Structure formats: structure tokens, C-alpha cells
Amino acid sequence: MSKPICDFVREYSKSEPSRFHMPGHKGKDFLGFEELDITEIDGADNLFAPDGIIAESEKNASEAFGSKTFYSAGGSTLCIQAMLHLLSLHAFEEGKEPYVLAARNAHKAFLNACALLGIKIKWLFPKNASTYHSCRVTAEEIENELENDGKITAVYLTSPDYLGNTADIESVSEVCKKRGVTLAVDNAHGAYLKFLPQSRHPVDLGADICCDSAHKTLPVVTGGAYLHIAKSAPKIFMERAVSSLSLFGSSSPSYLILQSLDAMNDRFGLFKKELETFLPEVEIFKEKLREHGFSVLQSEVLKITLETKSFGYTGEKLSEILEKDGVFPEFYDPDYLVLMLSPYNKKEDFEKLSGLLFALEKRPPILKKAPPLPKPKTVLTPREAIFKKSEVLPVQNCVGRICASAAISCPPAIPLVVCGERIDESVVDSFLYYGIKECAVTSE
């Protein structure tokens with residue numbers, strides 16, 4: 001595919017221009033990337049009014065994903081904000097108040113956007129939650145909620161989650177279409193799903209709209225993301241997507257990020273081949289870990305999720321051991337350690353990782369478990385709680401108070417408590433277990 005953004009910037013840089021425009025480094029070499037860092041000069045197009053090289057590049061991305069695809073230089077956070085604005089516009093268009101049924105493991109960007117936009121949320125908790133990381137909800141549970149509450153205008157899922165679990169988007173999509181509600185998916189951790197031998201991307205499984213963090217699983221610079229709109233989505237999604245993105249996005253998006261997204265268009269075919277070769281190697285490595293005695297959870301293919309206590313270590317301790325020798329995981333807590341993989345992990349990476357893990361002595365299992373997942377009661381709307389006067393207190397002093405922090409937990413995960421919910425003893429127990437020391441609180 002063509003790379004119009006990359007080509008424009010490189011030609012501009014080679015012309016040795018006198019840069020009487022932003023940014024202030026003027027293309028001089030301070031960190032090494034400055035000559036490729038430009039702004040919306042003539043010919044460079046405008047991310048939120050594209051009709052030139054950005055429009056051409058987004059068209060290339062749309063062809064690759066089989067959807068109408070828009071770029072974000074503000075990560076999936078910007079895309080989530082735009083998705084929720086579009087869900088609101090669609091609800092208003094149908095004469096309804098926006099009311100979203102959301103699996104509880106939503107990123108805090110979801111909650112913040114709902115608070116700013118005044119969207120009502122109905123949380124869907126997992127029936128048998130053993131950890132705050134995963135929210136395994138079924139199509140049947142969603143259908144029951146839609147049947148019992150006819151005011152719901154959209155369903156919102158986060159899949160994959162941090163431990164690598166994926167939702168049955170195909171079945172949920174069928175339910176949503178039958179009930180006449182839109183389905184939005186936070187696919188931040190799953191951009192690569194499009195390029196599996198058989199696509200498992202949310203748009204291909206029936207979602208109306210979704211976001212991908214390109215930088216999480218594709219060779220794209222941090223902050224690069226996609227907003228995808230299915231061809232069958234409500235017409236207003238396509239009409240208002242750019243204005244919804246511009247409502248929250250910076251008027252000075254990074255052209256370094258845009259070039260990275262543009263360059264990816266030319267790599268999709270190669271990436272798919274690299275992924276196909278890489279995946280069997282990952283499965284072999286996971287099996288070796290199991291043979292050594294590690295508990296490796298079932299997960300989407302580009303994550304290795306270790307339940308560490310069965311091997312006698314907390315996730316925190318195992319991370320400390322790895323990091324001491326230069327191996328850095330994506331995530332850890334008392335119970336789990338998560339490694340995110342890519343075809344661009346070198347053979348040496350796996351040799352170093354396996355050398356460290358296989359050298360560990362298996363210890364007696366740690367029996368201490370996480371406390372039950374709290375289900376705090378809602379007292380105020382998120383919007384009310386965020387804008388009320390608040391104070392930060394030690395968590396032991398928060399019982400009975402109302403949370404004023406957007407969400408307390410590592411996203412995307414099930415928040416231990418969200419703004420507007422009352423903190424009780426079960427919430428404090430979870431705070432202490434996960435090492436959370438302070439919380440912003442307000443009163444009724």
C-alpha cells in the first residue's frame with residue numbers, strides 16, 4: 001500500500017525547509033526524531049478534517065480492516081470517548097436517553113467519558129468472579145438484562161481483558177441485533193485479532209463499533225489507535241465520527257504517531273505471515289512452562305498469563321526476579337504475572353525468559369487468596385461524584401464515604417469501586433490486599 005503521510009514528511013524533511021511553524025525544536029536533532037516531527041502545514045492534511053494524505057492513509061487502513069477506520073493519536077482512550085459520544089448521538093436520534101449496559105471490567109476512560117457526557121450506566125457483574133481482572137459475561141445474561149430493562153440503548157464490552165480472556169462477541173452481537181441495541185467493544189488489547197488465520201476481530205464478529213490500540217500488539221508507536229465502524233452500523237456513526245473524535249482529541253496530534261499508523265498499512269500482509277509463524281512457537285513455549293509446573297491460564301494467543309501462587313511465588317515477587325535480570329512483564333499483582341508477546345520478540349528474549357523461569361525452584365503453594373470481589377452500592381451518578389468537593393484519605397478511613405476517584409483498579413479490569421459508589425468494609429479489604437493506600441472520597 002501507499003504510505004502518503006510517511007512520504008510527505010520525509011520529502012519535506014529532505015527539502016531542508018526553514019521551519020517558521022510549530023514545534024519549537026525546528027527539526028533540530030535533540031533526541032533523534034525531530035526532523036520527522038511536524039504539524040499541520042500545507043499539504044500535511046488535518047486529522048479532524050482529512051481530505052488529503054491522512055484521508056488516503058485512513059482509506060488504506062479501512063481496506064485492511066474491512067470497516068470505516070479512523071486514526072487516533074490519543075490512544076484507545078480518545079476512541080472510547082468518541083464511541084460513547086456516538087452512542088449518545090444515536091440514542092438521542094431515536095428519542096431516547098443514552099443508557100449503556102457495560103460489563104464491569106471497563107477501562108476508566110469509559111467511566112470518565114460517561115461522567116462527562118452524562119451517560120447512565122448499568123453494570124453487568126460476572127456471576128462467579130474469582131478475580132477483579134476478568135468479567136466473563138454471557139450472551140444469555142446480556143439478553144436477560146435487555147429483556148428486563150427496555151431503556152438500555154447500547155451494550156459495551158471490554159475484550160480481551162488483561163488476563164487474556166475474550167468475550168463471545170459473535171453471540172452477543174446476535175442478541176443485540178435481535179433487541180435493536182448497538183454493540184460497542186473496547187478491543188484495545190486485540191488489534192492483531194484481525195490478522196489471525198481466521199479473523200477474530202470484533203467488527204468481523206458483529207460489533208457495530210470498536211477501538212484498537214494499535215501500539216499494544218502491532219508494531220506502532222505508543223498512542224497510535226484505530227476507531228472502526230462496521231458497514232452495518234447506524235448511519236450517524238459514520239457521519240459524526242470525525243467530529244466526535246475532535247470533541248476530545250488534541251488539535252495538535254502527533255505526526256510521529258500518524259506516520260507509524262501510516263507505515264503499518266504497508267506491513268499488514270507481512271505481519272499476518274509473521275504472526276502465523278510465531279503462534280505455534282508461543283504454544284510450544286506455553287506447554288514447556290506447564291511441563292515445568294507453572295499454571296498457565298488459557299488466554300488469547302499473544303499473552304502468557306501465569307497464576308504464580310501455585311508455584312510458590314506472588315506475581316510481585318516473580319516480577320522482581322525477572323526485572324532484576326532485565327525481563328519486564330506487562331503486568332503483575334499478588335496473584336498473576338502477564339507477559340505480552342509479539343512476533344518482534346527476539347529468540348534471545350525467550351531464551352532469557354525461559355532461563356530465568358526454568359531456573360526457579362518450585363515452592364509450596366501460597367494459599368492466601370484475594371478477597372471476594374466487592375459489589376458496592378451506587379449512591380451518586382459518576383458525574384455527580386466527580387464534580388463534588390472531595391478529599392483524599394487513607395483507605396482505612398474511607399468506610400461509609402462515597403468514592404470520588406474515577407475507578408480504583410488496574411484497567412481494563414473490574415473496578416473495586418467507581419465514583420459514586422459507597423465504600424464498605426469489603427472494598428477496603430480489597431484495597432489493602434492490592435496495596436491501595438489512599439482514595440478520593442466525597443459525601444452525599
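Predicted model: local features only at pLDDT ≥ 70, side-chain atom pairs only at ≥ 80, totals over all residues.
A nonpolar surface patch is built from nonpolar side chains within 5 Å of one another, each residue having over 30% relative accessible area and no salt bridge.

**View 1. A nonpolar patch on the surface.** Phe 30, Leu 31 and Phe 33 make a nonpolar surface patch of about 370 Å². Leu 31 sits in the loop between α1 (4-14) and α2 (53-65). Its relative accessible area is 69%, over the 50% cut-off, so Leu 31 is exposed.

View 2. Most residues other than glycine have a negative phi. Asp 45 lies in the loop between α1 and α2 too. Phi of Asp 45 is near 70°, again positive in a residue other than glycine. Asp 45 is buried, with a relative accessible area of 10%.

**View 3. Two cis peptide bonds.** Most peptide bonds are trans. Met 22 and Pro 23 are joined by a cis peptide bond, with omega about -5°. Pro 23 is placed in the loop between α1 and α2. The bond from Ser 159 to Pro 160 is also cis, and its omega is near 5°. Pro 160 is found in the loop between β4 (154-158) and α6 (169-179).

**View 4. Helix α4 and its cover.** Helix α4 covers residues 108-117. Buried residues in this helix are Ala 109, Phe 110, Leu 111, Ala 113, Cys 114 and Ala 115. What covers them? The cover includes α3, β2 (99-103), β3 (120-124), β4 and α13 (382-387). Just after α4 comes Gly 118, with a positive phi of about 70°.

View 5. Helix α8 holds 14 residues, 235-248. How far apart should its ends be? At 1.5 Å a residue, the helix should span 20 Å. The end C-alpha atoms are 21 Å apart, which agrees. Even so, α8 bends by about 55° at Ala 241. Ala 241 is buried, as are Ile 236, Phe 237, Ser 244 and Leu 245. Elements that cover the buried residues of α8 include β1 (68-72), α3 (75-93), β5 (182-186), β6 (209-213) and β7 (225-229).

View 6. Arg 179 forms a salt bridge with Glu 143, and their closest N and O atoms are 3.7 Å apart. Arg 179 lies in helix α6 and Glu 143 in helix α5 (residues 139-148), so the pair ties together parts that are 36 residues apart in sequence. Arg 179 is partly exposed, at 36% relative accessibility. Glu 143 is buried, with a relative accessible area of 17%.

View 7. Lys 286 and Glu 283 form a salt bridge, with 3.9 Å between the closest N and O atoms. Both residues lie in helix α10 (residues 268-291). They are 3 residues apart, about one turn of the helix. An α-helix has 3.6 residues a turn, so residues three or four places apart point the same way. Lys 286 is buried, with a relative accessible area of 3%. Glu 283 counts as partly exposed, at 37% relative accessibility.

View 8. The side chains of Lys 309 and Asp 335 meet in a salt bridge, 3.0 Å from N to O. Lys 309 lies in the loop between β9 (303-307) and α11 (315-324). Asp 335 lies in the loop between β10 (331-332) and β11 (336-340). The pair therefore ties together parts that are 26 residues apart in sequence.

View 9. A search of the whole structure finds 17 salt bridges.

Methods: Residues numbered from 1 in each chain as written. Heavy atoms only, no water. Helix = DSSP H or I, 4+ residues; strand = E, 2+ residues; numbered from the N terminus. Expected span 1.5 Å × (residues − 1). Bend = angle between axes of the 7 residues up to and from the residue. Buried < 20%, exposed > 50% of the residue type's maximum accessible area, 1.4 Å probe, protein only. Contact = heavy atoms within 4.5 Å. Patch = residues over 30% accessible without salt bridge, like charges linked within 9 Å, V, L, I, M, F, W, Y side chains within 5 Å. Areas by Shrake-Rupley, 256 points an atom, 1.4 Å probe, with all protein chains shown as cover. Salt bridge = Lys/Arg side-chain N within 4 Å of Asp/Glu carboxyl O.
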